[in-house]
Amino acid sequence: MSALSRESDEESSSDLFEINHEYDYEGSLFSFDFQKWNDSVFVAVGNTESRSSMDALEWTLRYLVTPCTVLHLIHVFPLIRHIPSPLGMLTRGQVKPEMVESYVSQERDKRRKLLQKFLDTCSASKVNVDLLLVESDHTVKAILDLIPVLSIRKLVLGTTKLSLRKSKSKRGSGIADQILHNAPDDCEVNIIYEGREVIDRMIGWSSPRENSSKSKSKSKWIAIRNYFTNKLR
């Protein structure tokens, strides 16, 4: 499978890019038109059964999108390491390349159908949208690696009540929380929960970013901190 493929869908007015995280991003993306990404917003979308991704997309459409904006949806899915065969599941190296390509194509179509509701939402808002499918077993690393390569300046992620509880109790951190605290300072990361913007673990989490200019934005959210603290009790 190629490191990057692009498909055009005239009906949904969207483009699809597929990236294998095992490849070098810079080599994979050399053909991208970076000029059109000057006014771009990136939204990470995950499990379609989760409401958090749709909340993040709807918030983005409401507050960040202009008529000139190009919206890029990022979906990270696990590496395809095994291929079904009459002998059971076999590694990619054990089956013919045609079988690998056929299975990968089927999986791509499944993902496209599962993610169609996000594309439909963008289409209803008359927004130009790209869908980037990133094949990786490490969601956080995959997205963080994309930031400098694609010059991402605006990134929006949804979060769940469980992730907020973990952040509040310091028992762990969710995907959005990890990306927020490790993204470059020139990338604005917006975390959305139930239609509102929040910053996970706004206080009390030791991170290199807390001493950066990004930490200044935390004071902006002190006013709504009590709202979410009370809501999660």
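## The largest pocket

The largest pocket of this predicted model holds about 610 Å³ of space. A pocket is found on a 1 Å grid over the protein atoms alone: it is an open set of points where a 1.4 Å probe fits, with protein on both sides within 12 Å along at least five of seven lines. Grid points are joined across faces, edges and corners, and the volume is the space filled by probe spheres set on the points.

Lining residues have an atom within 4 Å of a point. There are 27 of them in the largest pocket, and Val45, Gly46, Asn47, Ser53 and Ile175 are the closest to its centre. At least two lining residues come from each of α2, β4, α3 (97-114), α5, β8, α6 (161-169) and α7. These labels refer to DSSP runs, numbered from the N terminus: helices are H or I runs of at least four residues, and strands are E runs of at least two.

## The model as a whole

Residues are numbered from 1 along each chain as its sequence is written. In this predicted model, local features need pLDDT of at least 70 and side-chain atom pairs count only at pLDDT 80 or more, while totals for chains, interfaces and linings use all residues; side-chain values use heavy atoms, with hydrogens and water left out.

The protein has eight helices and ten strands. Of its 233 residues, 50% count as buried. Buried means under 20% relative accessible area, exposed means over 50%, and partly exposed lies in between, with a 1.4 Å probe and protein chains only. A contact means heavy atoms within 4.5 Å. Among contacts between residues at least 6 apart in sequence, 71% join residues at least 24 apart.

## Two nonpolar cores

A nonpolar core is a set of buried Ala, Val, Leu, Ile, Met, Phe, Trp, Tyr and Cys residues joined through side-chain atoms within 4.5 Å. In soluble globular proteins, nonpolar side chains tend to be buried together. The largest core here has 27 residues, of which Ile152, Leu155 and Leu157 touch the most other members. Two or more residues each come from β3 (40-44), β4 (70-77), β7 (128-135), α5 (139-149), β8 (154-158), α7 (175-182) and β9 (188-193). The largest contribution, seven residues, is that of α5. Another core, of 22 residues, lies apart from this one and includes Val43, Leu61, Leu73 and Phe77.

In helix α5, the buried residues are Val140, Ala142, Ile143, Leu144, Leu146, Ile147 and Val149. Two of these, Leu146 and Ile147, are touched by Ile152, which also touches Phe42, Ile74, Asp186 and Cys187, not counting residues up to four places away in sequence.

## Helix α2

Leu57 lies in helix α2 and is buried, at 0% relative accessibility. Apart from neighbours within four places in sequence, Leu57 is in contact with Val43, Leu71, Leu73, Phe118, Thr121 and Cys122.

## Rings and charges

The structure holds one aromatic pair. Trp59 and Tyr63 form this pair, which is tilted, at 5.4 Å centre to centre and 45 degrees between the planes. Rings of Phe, Tyr and Trp (its six-membered ring) pair if their centres lie within 6.5 Å; planes under 30 degrees apart count as stacked, over 60 as edge-to-face and the rest as tilted. Both residues lie in helix α2 (residues 51-63), four residues apart, about one turn of the helix. An α-helix has 3.6 residues a turn, so residues three or four places apart point the same way. Trp59 is buried, with a relative accessible area of 7%, whereas Tyr63 is exposed, at 52%.

A charge sits over a ring if NZ of Lys or CZ of Arg is within 6 Å of the ring centre and within 35 degrees of the ring normal. The charged end of Arg111 sits over the ring of Phe77, 3.5 Å from its centre. Lys117 lies over the face of Phe118, at 5.6 Å from the ring centre.

## Two positive phi angles

Lys126 is not a glycine, yet its phi is positive, about 55 degrees. Lys126 is in the loop between α4 (116-124) and β7, and is exposed, with a relative accessible area of 77%. Ser151, also a residue other than glycine, has a positive phi near 55 degrees. Ser151 is in the loop between α5 and β8, and is partly exposed at 37% relative accessible area.
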